[in-house]
Amino acid sequence: MEIILELIIILGACFIGEILSAVLPFSFPSSIIAMILLFLLLLCGILKEKHLSHVGDFLLKNMSIFFLPAAVGILEHFSIIRQALIPFLLICAITLLLTFAATAYTVMGVRALQRHFSKGGKNRA
Amino acid sequence: MLNTLTSSPLFGILLTLGSFSVGVMVQKKLKTPLANPLIIAAALSIGLLQLFHIPLANYQTGSSYISLFLGPATAALALSIYRQYPVLKANLLPVIAGSAVGSAVSMGSVLFLCKLFRLEEIMAKSLLSKSVTTAIAIEVTQQQGGLAPITVAAVVITGVMGAVFSPLLIRLLRIKDPVAAGLAIGTSSHALGTTKALEIGQVEGAMSSIAIGTAGLVTVLFALFL
């Protein structure tokens with residue numbers, strides 16, 4: 001019964017997500033709407049973790065099985081990948097490096113500024 | 001005979017469950033990010049389908065029941081974001097700035113490199129979201145009109161590279177701040193990189209987990225303007 005109620009909450013949020021996604025004037029993924037909705041309901045305490053954690057944790061722990069069918073679908077697109085295999089791998093590697101460096105240096109910069117300003121505040125006080 | 005049997009939805013469902021279990025078992029034995037369960041399971045499924053000349057459509061009759069749960073699994077990410085909310089709140093500005101700049105650089109560099117290598121537009125659309133967690137990446141790809149299987153391949157390859165090379169990148173780029181290191185790992189290589197971040201340290205692991213959600217959301221928002 002517990003599991004069924006949890007399924008109703010999670011699938012219900014997804015269904016509301018689909019409705020909102022259809023109504024929105026721009027295209028926004030329905031499952032992301034469902035995610036935001038569930039997060040907000042948890043945050044304001046309408047939902048408690050225990051109301052969705054059995055099914056939720058099952059889904060989170062085994063997440064990658066749900067992409068397996070899509071991964072196998074690569075069979076259909078093998079020719080596109082094969083003719084662009086080297087650029088494909090290069091893009092994965094170069095983008096990883098750039099994203100990593102950009103994120104790390106941004107965070108270090110922001111934290112240095114935060115330290116600077118909090119120190120300045122203390123001095124004034 | 002084989003065709004009739006494999007066109008039952010149970011065939012695709014069992015092949016998915018079975019090959020995934022093998023993937024997880026191999027990962028547990030080898031304990032390296034290179035032995036990714038998804039890669040092993042996909043290779044195994046593809047191998048079996050090819051070997052017995054089973055049409056992909058037969059497999060998909062069953063496997064579509066499993067991919068149906070991709071949406072609910074994405075929605076369940078709310079639970080993990082909620083659990084990290086205290087850490088998120090305490091580091092709000094660095095987290096948001098880091099994942100916003102990181103995701104923008106990721107998407108920008110994909111678009112630039114696809115132009116540079118003169119790849120077809122469909123590749124750019126499929127690779128755009130490759131730094132974020134697979135569930136969200138697939139959503140972005142579908143919204144952009146790209147090919148989900150290419151996205152999955154790119155996301156997993158990026159994630160494995162992230163898990164393998166993160167410690168090296170931290171040293172090369174001289175990142176001394178564990179918050180910066182964790183956010184960089186999560187923003188660039190999502191959940192797969194996070195497994196490595198958790199090994200490096202507690203702060204790195206927590207920050208990396210948070211970045212999975214925030215980088216994913218920011219990427220969805222940026223994609224709206226493309």
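Biologist: Where in chain B is Lys31(B) found?

Modeller: Lys31(B) sits in the loop between helix 2 and helix 3 of chain B, where helices are DSSP runs of H or I with at least four residues, strands are runs of E with at least two, and both are numbered from the N terminus. This is a predicted model, in which local features need pLDDT of at least 70 and side-chain atom pairs count only at pLDDT 80 or more, while totals for chains, interfaces and linings use all residues. Residues are numbered from 1 along each chain as its sequence is written, and chains are lettered from A and ligands numbered from 1 in the order in which they are written.

Biologist: Is Lys31(B) buried or exposed?

Modeller: Lys31(B) counts as exposed because it has 7 C-beta neighbours inside 10 Å. A residue is exposed if 12 or fewer other C-beta atoms, placed from the backbone, lie within 10 Å of its own, buried if there are 20 or more, and partly exposed in between.

Biologist: And what about the phi of Lys31(B)?

Modeller: Phi of Lys31(B) is positive, about 50 degrees, although the residue is not a glycine. Most residues other than glycine have a negative phi. His190(B), in helix 11 (residues 178-200) of chain B, also has a positive phi, near 40 degrees, but His190(B) is buried, with 30 other C-beta atoms within 10 Å.

Biologist: Back to helix 3 of chain B: how far does it reach?

Modeller: Helix 3 of chain B covers residues 37-51, and its 15 residues reach 21 Å from the first C-alpha to the last, close to the expected 21 Å; the expected span is 1.5 Å times one less than the number of residues. Just after this helix, His53(B) takes a positive phi of about 50 degrees.

Biologist: Which residues of helix 3 of chain B are buried, and which are exposed on the other side?

Modeller: Pro37(B), Leu38(B), Ala41(B), Ala42(B) and Ser45(B) are buried. These residues cover an arc of only 125 degrees around the axis, which puts them on the same side of helix 3 of chain B, the arc being that of the directions from the helix axis to the C-beta atoms. Gly47(B), Gln50(B) and Leu51(B) are exposed on the other side of the helix.

Biologist: What do the buried residues of that helix pack against?

Modeller: The buried residues of helix 3 of chain B pack against helix 4 of chain A, together with helix 2 (9-30) and helix 10 (148-172) of chain B.

Biologist: What about helix 4 of chain B, which residues are buried there?

Modeller: In helix 4 (residues 56-67) of chain B, the buried residues are Asn58(B), Tyr59(B), Gly62(B), Ser63(B), Ile66(B) and Ser67(B). Seen down the axis, they fall within an arc of 160 degrees, so they line one face of the helix. Their packing partners include helix 4 of chain A and helix 5 (70-83) of chain B.

Biologist: How many residues does each chain give to the contact?

Modeller: Chain A gives 61 residues and chain B gives 78 residues, with two residues in contact if their C-beta atoms, placed from the backbone, lie within 7 Å. On the side of chain A that touches chain B, the largest share, 20 residues, comes from helix 6 of chain A. The residues on this side of chain A divide into 45 nonpolar, 13 polar and three charged, where Ala, Val, Leu, Ile, Met, Phe, Trp, Tyr, Cys and Pro count as nonpolar, Asp, Glu, Lys and Arg as charged, and the others, Gly among them, as polar.

Biologist: Which residues have the most contacts inside the largest nonpolar core?

Modeller: Those are Ala75(B) and Ala78(B), in a core of 103 residues; a nonpolar core is a set of buried Ala, Val, Leu, Ile, Met, Phe, Trp, Tyr and Cys residues joined through C-beta atoms within 7 Å. Helix 10 of chain B gives the most to this core, with 13 residues. Leaving aside its neighbours within four places in sequence, Ala78(B) is in contact with Met35(A), Leu38(A), Phe39(A) and Leu42(A).

Biologist: Last topic: what does Thr134(B) touch?

Modeller: Not counting residues up to four places away in sequence, Thr134(B) touches Phe67(A), Val152(B) and Val155(B). Thr134(B) belongs to helix 9 (residues 134-144) of chain B and is buried, with 30 other C-beta atoms within 10 Å.
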